Amino acid sequence: MTSEGVAERLRRLQERVAEAALRVGRKPEEVRILGASKGQPLEKIREAVAAGLSLIGENYVQEAERKKEALGDLPLSWHLIGHLQKNKAKKALALFDLIQTVDRPELVRKLSTLTEKMGRTLPVFIQVNLGYEKTKAGVLPEDLFELARLVRDLPGLELRGLMTIPPYKEDPEAVRPYFRRLRELRDDLRERLDLESLTELSMGMSHDFEVAVEEGATIVRLGTALFGPRPSKGGV
Ligand SMILES: *Cc1c(COP(=O)(O)O)cnc(C)c1O
């Protein structure tokens, strides 16, 4: 793919995001595109950043570490969008500006202890497993309130949003109820926990992001639609 490839795709994706937002009376600038760059070469990330991308999401701590060494000069915000093991929490804190995949009390406690020691506040999202899928991470909806309250009450963390990966469906319309549910959960938590900072919804991927934007996404996570097919699974 040439450099026009990624830049052109980003421009067209921005247009589609804006159109979806306008369809439901939202402002296009309320939605940010996050480049989901697992398995993608450094060159494509550079191209996307040159074309205006400012938010990147990586799934694996080790892969992010390698990439950040090479791309640390770029004006990028780095989000962790993959499952985080407790024993990698410290390393993750050194690499990421925000963790989108907080999903269990032990991890919340670990992150809080570490950030407090560092004298830092870490913005986080809670990942919710709306489809009750055994293969997916995320807190179950009925345990969300307790977990969110823990994040609110422990030092060093700021709950900014919710994130979800709904069950895969061919038809993007079939995932609309999941996106709507995540928005309702955020609105409910915001009110019950009195959390002004809880504004973000990270939902929608390459094949269903327009539906997610219509349902309130503030961050859509785009991998293949932006960078093209992943050349390799997992690695760089
Ligand atoms: C890979 C990945 C994406 C992007 O997926 P595409 O279908 O390529 O857009 C988004 N979110 C998460 C958590 C991912 O792992």
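**Around the ligand**

Start with the shell: of the 13 residues around the ligand, the nearest are K38, N59, S206, G223 and T224. Being near here takes a heavy atom within 4 Å. Before I go on, this is a predicted model, with pLDDT of at least 70 needed for local features and 80 or more for side-chain atom pairs, while totals for chains, interfaces and linings use all residues. Numbering runs from 1 along each chain as its sequence is written, and side-chain values use heavy atoms, without hydrogens or water.

By class, that shell holds 6 nonpolar, 4 polar and 3 charged residues. Nonpolar is Ala, Val, Leu, Ile, Met, Phe, Trp, Tyr, Cys and Pro; charged is Asp, Glu, Lys and Arg; the others, Gly among them, are polar.

Now the polar contacts, meaning N or O pairs within 3.5 Å. The side chain of R221 puts an N or O atom 2.8 Å from a ligand nitrogen. A polar backbone atom of T224 sits 2.8 Å from a ligand oxygen. For R230, a side-chain N or O atom is 3.0 Å from a ligand oxygen. The ligand alone exposes 390 Å², and the protein buries 90% of that (Shrake-Rupley, 1.4 Å probe).

**The whole chain**

The chain has 9 helices and 8 strands (DSSP runs: H or I of at least four residues, E of at least two). Of its 236 residues, 51% count as buried, that is, under 20% relative accessible area with a 1.4 Å probe, protein chains only. Along its principal axes, the C-alpha trace spans about 50 × 40 × 30 Å.

Technical notes
A polar contact is a pair of N or O atoms within 3.5 Å; within protein, one must be able to donate a hydrogen and the other to accept it, and residues adjacent in sequence count only if both atoms are side-chain atoms. Buried means under 20% relative accessible area, exposed over 50%, partly exposed in between (1.4 Å probe, protein chains only).
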